[in-house]
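Trainee: Hi! Please walk me through this one, starting with a word I'll need for helices.

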Amino acid sequence: MTGIPGSTPHPGRDRLARAWAQAVCDTSYIAMDRTELVAYLRRLTDQMADALTGEPFRAGPANRIGRALADARVTGPRALGATLEVLDSRLLPDLAPELDDALDAPEQYSRRAALLGEIAAGYSGALVDRTRDEQEGIRTAAITALEEAQRARRASDARFRAVFAGAATGIAVADLAGAVVEANEALARMLGHTVPELRRRSVYDFLHPSDPTELGELYRELVIGQRDQFRIEKRLLRRDGSDIWTDMSVSVVREEPDRPRYVVVMVHDITERERLHQRLRHQALHDPLTQLPNRMQFLDRLHHAFETAGPGDRIALCYIDLDGFKAVNDNLGHDIGDELLLRLANRLHDRLAPAGHLVARVGGDEFAVLVGAGTGTAAVDVARSVSELVRHPVDVGCHRLRVTASIGVVERDPGDTDPGELMKAADITLYRAKAGGRDRCALYDRERDNGVVVRQILATTMPAALSADEFLLEYQPIVGLESGLPIGAEALLRWQHPRYGRLGPDRFVPLAEETGLIHEIGRWVLRQACQQAAGWTAAHPRLSPLVSVNVSACQLSDRRLVDDLREILATAGLPAHRLQLELTRYGDRFADPGLHATMRTLVDNGVRIIADDFGSGHSNLECLRALPVHGLKIAGRFIEALHPDRPASPVTVDIVQTVVGLAERLGLSVTAQHIETEGQVRQLRAMGCRAGQGHYFAPPGPAGAFDQMLGAAESLAAGGPPQIPSHRVQRQG
């Protein structure tokens, strides 16, 4: 199908414009041929697509689209309904290629509802403005006719009757007390009465009893001369008891400036517009699947609860996430999943809503309950009810489905928090409930959950920390136990956080691995450490110290690491054998072929690899068999047990001796960490351990401190620096 003339080709928008034109072309007399109408609606479609995807989202431009439709004389009785029907059914599907990458489904439906509401409002507003112009002419003619009737009734009666009786707008003339003096056929049809019946009634008889009474006050101000006219939207009662929404314009007719005589009421039926607004308002505030209040309405009600809370009141809510719902969707399909959600939503609403609790669907498989104030029901009791309701099996077709719920329960004094903080606390508490396993309920604990908050803050601020130069390296010397000379230094990553101060890697490296930022941070560490080591080598060529950098199995699984390291070493001018990688958190990843390939390539390029914290965790012996490592670093808790103030058990001493002996037989280097005393050095030296680090030699510090240590030691290194045994390339499995 060819594009629409005068517009940039866009298949989805073209289809929507043609479908729109097809829907409205026969509803009205339009002063355009079919091609011109399609082109006109195509321009409106572009405006609607721009508004739908705009950030921040604003529905206001859609009001102008509705007015543009009315300006084009697409104003037949069925025109608006046809427009809304085609946009409701086709807008999102036809624009799907533009929307799916930018907006999730709930946001698409919410924006569509808001846009349709504004289109209807703009369209209706344009028609109302046109009607107002007509009403003003009618009002002027009616007032003129009534005034002239007092002077020359016979001459003007025919003209007044023609305007009054033939108008499409409902008109009534009432006396100052509100009794109807005259009415036209249009008003009689609106209210379901005859004209003679209206003449026997008062305007107050038609007011809806549940509406506010401001009309009476406005009418009184009109009669006593405080105003000449007013306009108001009101519900009126029909003869059959039904109601209609009207736009009423009320004016006073005076015989003299200070003598009011009649009141003219002009009535325009806006029932369809009001019903459309109510329907769109409902869509904007309710979940389309379950018809429960959505997140927007839930937050509105939560804010209202805070605004109306009195002294001593508590605000409580339950945040609910279904366990195992994803498996239902993945294994049985979304239709079954939707039916399960609908059944559970009905259960929760039917049980909790009559007790005064608000149940809302706030996410895909997430619900929230705002515990009703003054119900006398503790939030934990509501949570127990929710657990019981969700746990009960649900029959969907031939499937009997069982799911459970994880629930976070928060109850706070509104004076100590706000709606946003309360929702955040509920989310954190729910997270803790899910972390503890399925089918659990967790209560908010300020102190305990502060740790989760800190974790979230660190995760969200970490991406900007690199560019803000918040990361830094400290270096702890690695010393030859026989010579006492520095062999190298371990680069230790620190984060100088602007809020929490200096943080060690245990606080943020696991988060970096979870978020994938570990690769970018790891490249930064390697680049900084290699540049520093190259500087040490140039300044102290006799010692030529190595630099040791911690890397996790997660980092080694990155296929770009080998190329990155080649570039980093070449740029720094550091020989590959002066870089040592300490493999941390390798766990059970020995069988990962990608990990093996990366490590083998690094070893072939001359980079040293050692296993860190040997003796902790699990599968350490397997790592010696499976991974191409040059050496190992004994876990610190074994070395700490050799401290003279903490007498070591014979088993601990045997373990350290065995590890050192095993490494020697395998041709691996051994480094002991956490050395604090001369006694530990003597024991380790006697066992055959050749390198160590710890506070006995020096604590971690800036690069300059290690540079000074190298300078002091250089004069003692006439015989050359002590060497670390290289890895035996081929080892039997």
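Predicted model: local features only at pLDDT ≥ 70, side-chain atom pairs only at ≥ 80, totals over all residues.

Trainee: Okay, how many helices and strands does the protein chain have?

Mentor: There are 26 helices and 21 strands in the protein chain. Both are DSSP runs numbered from the N terminus (helices are H or I with at least four residues, strands are E with at least two).

Trainee: And how much of the chain is buried?

Mentor: Of its 733 residues, 50% are buried (under 20% relative accessible area; exposed is over 50% and partly exposed in between, with a 1.4 Å probe and protein chains only). Among contacts (heavy atoms within 4.5 Å) with a separation of 6 or more, 66% join residues 24 or more positions apart.

Trainee: Back to helices. At what angle do α1 and α2 cross?

Mentor: Helix α1 (residues 11–24) and helix α2 (residues 34–53) cross at roughly 125°, and their axes come within 8 Å. That angle makes α1 oblique to α2. (Under 35 degrees is roughly parallel, over 145 roughly antiparallel, 65 to 115 roughly perpendicular, the rest oblique; axes are lines fitted to C-alpha atoms, for helices over the stretch in contact, and angles run from 0 to 180 degrees between N-to-C directions.)

Trainee: Left-handed or right-handed?

Mentor: The α1 and α2 crossing is right-handed. Residues making the contact include Leu16, Trp20 and Val24 of α1, along with Leu37, Leu41 and Met48 of α2.

Trainee: What about α18 and α26, how do they cross?

Mentor: Helix α18 (residues 518–539) and helix α26 (residues 703–714) cross at roughly 25°, with axes that come within 11 Å. They are therefore roughly parallel to each other. This crossing of α18 and α26 is right-handed. Gln532, Trp536 and Ala539 of α18 make the contact with Ala703, Phe706, Asp707, Leu710 and Glu714 of α26.

Trainee: Nice. Now sheets: what order do the strands have in the open sheet of five?

Mentor: The order is β7-β8-β6-β11-β12, and the pairing is mixed. (Two strands pair if DSSP finds at least two bridges between them.) β7 (358–361) and β12 (441–443) are the edge strands with a single partner strand each, so one side of each has no neighbour in the sheet. From one strand to the next, the twist averages 20°.

Trainee: How many bridges hold β6 and β11 together?

Mentor: Nine bridges, in the antiparallel sense, pair β6 (residues 315–323) with β11 (residues 404–412). For instance, Asp323 has Thr404 in β11 as its bridge partner.

Trainee: Which strands does helix α11 touch?

Mentor: Helix α11 (residues 295–308) packs on the sheet and touches β6, β7 and β8 (366–370), with its direction at about 160° to that of β6. Helix α15 (residues 419–435) lies across β6, β11 and β12, and runs at about 140° to β11.

Trainee: Let's zoom in on β7. Which of its residues are buried?

Mentor: Leu358 and Ala360 on one side, and Val359 and Arg361 on the other, are all buried, which leaves both faces of β7 covered. β7 runs antiparallel to β8, joined by four bridges, and Leu358 stands opposite Leu370 in β8. The two strands form a hairpin with four residues between them.

Trainee: Switching topic: which way do the residues of β19 point?

Mentor: In strand β19 (residues 631–634), Gly631 and Lys633 point one way, Leu632 and Ile634 the other way, and all are buried. Strand β18 (residues 608–614) runs parallel to β19 with three bridges, and Ala611 stands opposite Leu632. On to strand β20 (residues 669–672): four bridges join it to β19, again in parallel, with Gly631 opposite Ser669.

Trainee: Last one: is Val562 buried or exposed?

Mentor: Buried, with a relative accessible area of 10%. Val562 is found in helix α20 (residues 561–572). Leaving aside neighbours within four places in sequence, Val562 is in contact with Thr598, Thr601 and Leu602. Val562 and Met599 are 37 residues apart in sequence, and their C-alpha atoms are 8.9 Å apart in space.

Terms used:
Residues numbered from 1 in each chain as written. Heavy atoms only, no water. Left-handed = near helix turned anticlockwise from the far one by under 90°.
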